[in-house]
Amino acid sequence: MDTAMAATLIAGLATGTGRLLIVWLRERAAVQRMRVSEQGLCNRVLGLPAGSRFRERRADRREIVIEVGSRPEGGGDHE
């Protein structure tokens, strides 16, 4: 194997590894952004009283509607 062929092989492997690393980092960042987004949503919903309705429109134009618990029957009297 001559030097030019070895250099080409090494350059190709480095390029392929670099591309794979970039794809992996982008996907990892996307997963982390989604986790942070979902955690923020969870924290906001936890503070709402029973019977509340929470609506949020996402950047991709999806709308999320969450109904928290249910309204107590009888004005909140528990027997």
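A nonpolar core here is a set of buried Ala, Val, Leu, Ile, Met, Phe, Trp, Tyr and Cys residues joined through side-chain atoms within 4.5 Å; buried means under 20% relative accessible area, exposed over 50%, and partly exposed in between (1.4 Å probe, protein chains only). This is a predicted model, where local features need pLDDT of at least 70 and side-chain atom pairs count only at pLDDT 80 or more, while totals for chains, interfaces and linings use all residues. Residues are numbered from 1 along each chain as its sequence is written, and side-chain values use heavy atoms, with hydrogens and water left out.

Start by selecting Leu41, Val45, Phe54, Ile64 and Val68: these 5 residues form the largest nonpolar core.

Stay on Val68. Beyond residues up to four places away in sequence, Val68 touches Val45, Leu48, Pro49, Ala50, Gly51 and Ser52 (contact means heavy atoms within 4.5 Å).

Hop to Leu48, in the loop between α1 and β1. Leu48 counts as partly exposed because its relative accessibility is 28%.

Next, pick Ser52, in the loop between α1 (3-46) and β1. Ser52 has 16% relative accessibility, so it counts as buried. A polar atom of the Ser52 side chain sits 2.8 Å from the backbone oxygen of Pro49.

Last stop: Glu56, in strand β1 (residues 53-57). Is Glu56 buried or exposed? Glu56 is buried, at a relative accessible area of 16%. Setting aside neighbours within four places in sequence, Glu56 contacts Leu41, Arg44, Arg62, Glu63 and Ile64.

Technical notes:
Helix = DSSP H or I, 4+ residues; strand = E, 2+ residues; numbered from the N terminus. Polar contact = N/O pair within 3.5 Å; in protein donor to acceptor, adjacent residues only side chain to side chain.
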